[in-house]
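Open the model in your viewer and keep the selection tool at hand. The tour goes from stop to stop.

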Amino acid sequence: MMPLDLSISTQLTAALTPDLIVMGGAMLLLLVSVWGPESASRARVVAVGTVLVCLAAIGAIVAMWLQGITALPGVIAIDNFRWASDIIFLVATIVTVMLAVDYAKRERMIVVESYVLLLLATSGMMLLAAARDLMLVFLGIELMSISVYVLAGLNRRSSKAAEAALKYFLLGAFSTGFLLYGIALIYGGTGSVNLQHIAAAIGARGALGNPMLMVGMALLLVGFGFKVAAVPFHMWTPDVYEGAPTPFTAYMAAAVKAAAFAAFLRVWIEAFPNARAAWLGPVTGLAIATMFGGNIIALAQKNMKRLLAYSSIAHAGYLLLAVAAGTPRGASAFLFYLVAYTLATMGAFGVVIALARYGEKNENIADYAGLWQTRPALALAMAVFMLALLGFPIAGGIGFFAKWYVLQAAIEGPVPMVWPSVALVVASMISAGYYLNVTIVMFMQPRPAGAPEPERTPALTELVIGATAIVILVLGIFPSRVVQWTCESVPGATLGTPCQVEAPSAALGPQR
């Protein structure tokens with residue numbers, strides 16, 4: 001359909017429709033959650049309501065997308081990048097609710113408000129993906145972060161959960177200070193916090209001769225570095241991921257990271273395209289340090305949640321390389337990678353939940369020994385998730401094409417990033433040491449004598465594991481539709497030339 005242009009007076013309402021659905025749904029479900037004593041039945045009602053709110057928001061996004069609604073540049077973006085990001089966040093929220101229902105039953109936790117907090121955090125993520133103003137970026141980060149701080153410490157019986165919440169809160173507040181100082185200095189250097197106005201001011205005056213702007217960009221990079229867990233700003237990640245309830249760890253590793261990166265990408269390519277010479281080196285250096293730091297430390301991990309925490313740090317490095325490309329292909333590769341990473345991460349944490357026992361026990365890699373003998377379906381699914389995160393061809397499904405696509409964007413940019421691309425390949429080879437180790441433990445090590453049999457996987461968790469594994473494999477065979485979808489979802493016109501990419505599958509020959 002032809003794009004439908006909206007007037008300035010109506011574009012803000014249209015832009016915020018999905019966000020208002022999520023925020024309004026959160027307020028209604030908050031009333032339901034407190035309208036009586038906490039109980040398992042009330043928690044199920046709120047959980048179902050949370051899923052319905054997310055589905056309603058997805059429906060509104062799809063309707064606006066199909067109508068081709070666009071708008072004049074403003075503080076809220078109405079573009080396909082925003083819609084694509086929102087769908088990723090909402091799907092991750094639905095998956096988290098499904099995992100949390102089974103987890104809460106096993107851990108005997110009745111915390112009805114957890115689902116409301118998920119919706120509030122998701123509304124902050126949606127605001128982040130849409131923000132074209134640095135103050136809205138700050139509001140979105142705070143709305144998301146405050147909700148996630150509480151989710152991390154939701155298990156009141158766990159000292160690790162309390163420690164995770166406290167660490168997350170303290171370091172999150174510390175990173176917010178960097179972010180705010182950066183915004184203030186950028187305002188002082190350009191006279192605006194609007195992304196388009198910042199880009200215009202830099203284009204007119206230049207960046208290298210403006211020390212205030214340069215320091216502001218550096219502080220903004222540090223603030224985002226904390227939020228995406230880039231090295232050396234990653235210190236909070238393993239402890240928080242290990243201590244938080246596992247469904248919310250999955251949510252932090254997938255949705256929260258995706259939202260922070262969505263804001264990072266939009267700010268960098270819409271506000272600072274004319275300052276690329278100033279930020280390319282630091283962002284590339286951060287990407288390389290993050291790829292190697294996350295992967296090398298992950299080799300020594302014995303706990304699955306800590307291993308996946310360092311894995312998520314390494315993947316932040318791969319995503320930073322897509323941001324550093326600064327091209328339509330880089331933005332498309334970024335979204336493609338988010339899809340693959342979110343599916344594999346949520347599925348892997350689903351297996352962790354399925355195999356764990358009451359009190360967050362049975363989470364060490366050694367506990368997975370001989371899983372193929374007792375639960376072959378779970379072992380196969382976990383192998384798919386590990387190989388997808390590794391970027392292994394065929395068996396890793398869409399994960400292979402995600403890394404291939406990032407490499408293509410980095411090498412074919414206006415300034416070919418050859419050595420960072422080599423670093424990505426080497427870092428991926430290092431990651432094989434721990435991803436393949438999990439697979440070896442499951443398939444090649446015997447089950448310890450006297451080890452208890454894994455409990456039956458709850459229905460919703462089983463559905464999440466099976467669905468994510470199947471989607472990863474299917475998209476690995478037919479990735480072209482996802483490539484086209486991400487290519488049509490690059491943000492803004494500031495990227496320059498249109499996104500025209502060859503489907504990743506073309507590298508392996510024609511599709512049938």
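Select E242 first. E242 counts as buried because its relative accessible area is 18% (buried means under 20%, exposed over 50%, partly exposed in between, with a 1.4 Å probe and protein chains only). This is a predicted model, where local features need pLDDT of at least 70, side-chain atom pairs count only at pLDDT 80 or more, and totals for chains, interfaces and linings use all residues. Residues are numbered from 1 along each chain as its sequence is written, and side-chain values use heavy atoms, leaving out hydrogens and water.

E242 and R306 form a salt bridge, with the closest N and O atoms 2.8 Å apart (a side-chain nitrogen of Lys or Arg within 4 Å of a carboxyl oxygen of Asp or Glu). E242 lies in helix α9 and R306 in helix α12 (residues 304-325), so the pair ties together parts 64 residues apart in sequence. Helices (H or I, at least four residues) are DSSP runs, numbered from the N terminus. Both residues, E242 and R306, are buried.

Next, pick K160. K160 also forms a salt bridge with E242, at 3.2 Å between the closest N and O atoms. K160 sits in helix α6 (residues 159-190), 82 residues from E242. At 45% relative accessibility, K160 is partly exposed.

Move to R329 and E412. Their salt bridge has its closest N and O atoms 2.0 Å apart. R329 is in helix α13 (residues 328-355), while E412 is in the loop between α16 and α17. R329 is buried, at 19% relative accessibility. Then select K160, E163, K167, D239, E242 and R306 together: salt bridges with shared partners join them into one network.

Go to the loop between α8 (211-227) and α9 (237-243), where P232 lies. The peptide bond from V231 to P232 is cis, with omega near 10°. A229 is in the loop between α8 and α9 too. Its phi is positive, about 60°, although A229 is not a glycine. Most residues other than glycine have a negative phi, and most peptide bonds are trans.

Is A229 buried or exposed? A229 is buried, at 0% relative accessibility.

Jump to I394, in the loop between α15 (376-390) and α16 (398-411). Phi of I394 is also positive, near 65°. I394 is exposed, at 77% relative accessibility.

Last stop: V426, in helix α17 (residues 418-444). V426 is partly exposed, at 34% relative accessibility.

How values were computed:
Helix = DSSP H or I, 4+ residues; strand = E, 2+ residues; numbered from the N terminus.
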